[in-house]
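Have the 3D view open as you read.

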Amino acid sequence: TQMLTESVEATTVEEYRRSTSEQAIAPPEQPQMKKGWLSKQAPSGLKRWKRRYFVLKHDKLIYFSDDSVTNVVGAVGLEGASVGVTPKGKLGQFRIVTPERTFQLLAPNESACVGWISAIEKACSFASARTSTVHESLRADSAGQAKPHDGMLLRVAGSKWKECFVVLRGGMLRVLSDRRGTSLVAKIPLYGCCFGRLDVDDPPPNIAGQSLVDKLASGGGLAVANTDHAFQVIAQGDVKSVVLKCYNANAYDQWMDALRSHKASVERSVDAIN
């Protein structure tokens, strides 16, 4: 406990580096919630920064458009992640490296940067310790972390279906061009989203499927029958959506179960914050 207190109280990044290198690693413990404003660099490579309100709870770092914590923009799953100062970065800049991507964040000063790194390190240790002691099939933890789900699906591209790789993890649905993750096609936050079967005869509530099916079926495009096992995911506020198709009914049922589980997980986390 004394070791952790000394790390948090370090006032500069250099002091933090020295203190952590000279001390043994403490046993993992459930991390405390941490909230605050940070700037996040856009993943496009244009080096644009956007100010977001971040909440660290258990093994998730959720970010919102403002401090009302109502509009979720995204979430970072910390299982298998690492955190540290960004080499040659700005004053107060640090990065979180996950199995999927690297997040560049900027704190208002060095002291705040140290505090965030320390808190996120504890959350990463908590996630790693839990994963190492819980069987894969029981991976959902006391914080409501849903088991990651991924696989090859088809997505709508013009009037055709095109193969893609879809990942459910950290409160986000990501559609990638291929299994290697060559390019990100779409990203939908699961908090507040709606999803359901794309059905010609009986579109589910809040799913604008009929117009899309009509469009695909017209002008020699997709046959209506080809929408079997297809579903749509719409982000909160109808700001963006994605249409995906499974190869069979069994896969469709698995994806529906996974979407329900992941949506419930991230909404429990956000509700606990409020």
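Sorted by class, the largest cavity is lined by three nonpolar, three polar and four charged residues. (Ala, Val, Leu, Ile, Met, Phe, Trp, Tyr, Cys and Pro count as nonpolar, Asp, Glu, Lys and Arg as charged, and the others, Gly among them, as polar.) Those residues are Ala75, Val76, Gly77, Thr98, Glu100, Arg101, Phe103, Arg169, Gly170 and Arg174. The biggest share of the lining comes from strand 4 (residues 72–77), which puts in three residues. The space inside is about 70 Å³, and the count of cavities of 30 Å³ or more is three.

What's a cavity here? On a 1 Å grid over the protein atoms alone, it's a set of points where a 1.4 Å probe fits but cannot get out, and lining residues have an atom within 4 Å of a point. Grid points are joined across faces, edges and corners, and the volume is the space filled by probe spheres set on them.

Keep in mind that this is a predicted model: local features need pLDDT of at least 70, side-chain atom pairs count only at pLDDT 80 or more, and totals for chains, interfaces and linings use all residues. Residues are numbered from 1 along each chain as its sequence is written, and side-chain values use heavy atoms, with hydrogens and water left out.

(Strands are DSSP runs of E, at least two residues, and helices are runs of H or I, at least four residues, both numbered from the N terminus; two strands pair if DSSP finds at least two bridges between them. Axes are lines fitted to C-alpha atoms, and angles run from 0 to 180 degrees between N-to-C directions.)

The other open sheet of seven strands runs 11-10-9-8-14-13-12, again with antiparallel pairing. Strand 11 (184–189) and strand 12 (194–197) sit at the edges with a single partner strand each, so one side of each has no neighbour in the sheet. Here the twist averages 30° from one strand to the next.

| Strands | Bridges | Facing residues |
|---|---|---|
| Strand 1 (residues 34–41) and strand 2 (residues 49–57) | eight | tryptophan 37 and tyrosine 53 |
| Strand 1 and strand 7 (residues 102–106) | two | lysine 40 and leucine 105 |
| Strand 3 (residues 60–64) and strand 4 | five | tyrosine 63 and glycine 74 |
| Strand 9 (residues 160–169) and strand 10 (residues 172–176) | five | valine 166 and valine 175 |

**Salt bridges**

How many salt bridges does the structure hold? There are two, where a salt bridge is a side-chain nitrogen of Lys or Arg within 4 Å of a carboxyl oxygen of Asp or Glu.

One joins arginine 180 to aspartate 178 at 3.7 Å, N to O. Arginine 180 is exposed at 74% relative accessibility, whereas aspartate 178 is buried at 19%. (Buried means under 20% relative accessible area, exposed over 50%, partly exposed in between, with a 1.4 Å probe and protein chains only.)

The other joins arginine 260 to aspartate 257 at 2.6 Å, N to O. They're three residues apart in helix 5 (residues 249–273), so about one helical turn separates them. Arginine 260 is partly exposed at 45%, and aspartate 257 is partly exposed at 45%.

Definitions and conventions. On a 1 Å grid over the protein atoms alone, a cavity is a set of points where a 1.4 Å probe fits but cannot get out, and a pocket is an open set with protein on both sides within 12 Å along at least five of seven lines; lining residues have an atom within 4 Å of a point.
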